Amino acid sequence: LEMLAGRFSKLVEDAVVAAPWVPGAQAFLEQCHARLALFVVSGTPEGELQGVVGRRGMAHYFRDVRGSPPEKVQVTRDLLLRYGLDPAGVLFVGDSITDYEAARVNGLDFVGRVPQGERSPFPNRTTIVSDLSHLVV
């Protein structure tokens, strides 16, 4: 069972590494990583997440890459404290309700990414974008 789980994990990681960029994401990172402190907060196990970020050649864009455990609310709180960030000046861009909750609990502005044609999981009046080409800094 452990061997099969490891094999499955490797297949999933390979698929994520090979996945296309979200439209606008690479351009945003290229334009902003030198001027802004950028972070990844994910529910993906941290070791796997760092492997994906590294294999995709994205590590240089981010000040920190954090996965689970713990939960996103705690990871976000930890990053704010560790890097001395004022929540009023932080934008959390996410695609899940757990992203929204991490932002809300920690007092951050939030933008939800919902691909065109999909139903938004976010509360009414949440700012949403279909891709990241709409982000302007």
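User: Taking buried to mean under 20% relative accessible area, exposed over 50% and partly exposed in between (1.4 Å probe, protein chains only), how many of the five residues of S4 are buried?

Analyst: This is a predicted model, in which local features need pLDDT of at least 70 and side-chain atom pairs count only at pLDDT 80 or more, while totals for chains, interfaces and linings use all residues. Residues are numbered from 1 along each chain as its sequence is written, and side-chain values use heavy atoms, with hydrogens and water left out. Helices (H or I, at least four residues) and strands (E, at least two) are DSSP runs numbered from the N terminus, and strand S4 takes in residues 109-113. S4 is mostly covered, and the number of its five residues that are buried is four.

User: Which strands stand at the edges of the sheet?

Analyst: Three strands form an open sheet with parallel pairing, in the order S3-S4-S5. Each edge strand has a single partner strand, so one side of each is left without a neighbour in the sheet, and the two in question are S3 (91-94) and S5 (128-129).

User: What is the bridge partner of Gly 94 in S4?

Analyst: Two strands pair if DSSP finds at least two bridges between them. S3 and S4 pair in the parallel sense over four bridges, and in S4 the partner of Gly 94 is Gly 112.

User: Does Arg 113 count as buried or exposed?

Analyst: Arg 113 is found in strand S4, and, with contact meaning heavy atoms within 4.5 Å, it touches residues that include Val 22, Gly 94, Asp 95, Phe 122 and Val 129, not counting residues up to four places away in sequence. Gly 94 is 19 residues from Arg 113 in sequence, yet the two are 5.9 Å apart in space, C-alpha to C-alpha. With a relative accessibility of 17%, Arg 113 counts as buried.

User: What is the relative accessible area of Val 93?

Analyst: Val 93 lies in strand S3, where it touches Val 111, Leu 132 and Leu 135, leaving aside residues up to four places away in sequence. Val 93 is partly exposed, and its relative accessible area is 33%.

User: Within what arc do the buried residues of H2 fall, seen down its axis?

Analyst: Helix H2 (residues 25-32) has as its buried residues Ala 25, Phe 28, Leu 29 and Cys 32. The arc is that of the directions from the helix axis to the C-beta atoms. These buried residues line one face of H2, because the arc within which they fall is 95°.

User: What covers the buried residues of H5?

Analyst: In helix H5 (residues 97-105) the buried residues are Asp 99, Tyr 100, Ala 102 and Ala 103. They cover an arc of only 160° around the axis, and therefore sit on the same side of H5. What covers these buried residues includes strand S1 (39-45), H4, S3 and S4.

User: How many charged residues does the contact of H1 with H3 have?

Analyst: Helix H1 (residues 2-18) and helix H3 (residues 46-55) pack at an angle of about 35° with their axes 9 Å apart, where axes are lines fitted to C-alpha atoms, for helices over the stretch in contact, and angles run from 0 to 180 degrees between N-to-C directions. Ser 9, Lys 10, Glu 13, Asp 14, Val 16 and Val 17 in H1 meet Glu 48, Gly 51, Val 52 and Arg 55 in H3. By class, the contact has three nonpolar and two polar residues, and the number of charged ones is five. In this count Ala, Val, Leu, Ile, Met, Phe, Trp, Tyr, Cys and Pro are nonpolar, the others, Gly among them, are polar, and the charged ones are Asp, Glu, Lys and Arg.

User: What is omega for the cis peptide bond that joins Pro 69 and Pro 70?

Analyst: Most residues other than glycine have a negative phi, and most peptide bonds are trans. Pro 69 is in the loop between strand S2 (64-68) and helix H4 (72-82), and a cis peptide bond joins Ser 68 to Pro 69, with omega about -15°. Pro 70 lies in the loop between S2 and H4 as well, and for the cis bond joining Pro 69 and Pro 70 omega is about 0°.

User: What positive phi does Arg 125 have?

Analyst: Arg 125 has its place in the loop between S4 and S5, and at 84% relative accessibility it counts as exposed. Although Arg 125 is not a glycine, its phi is positive, at about 75°.
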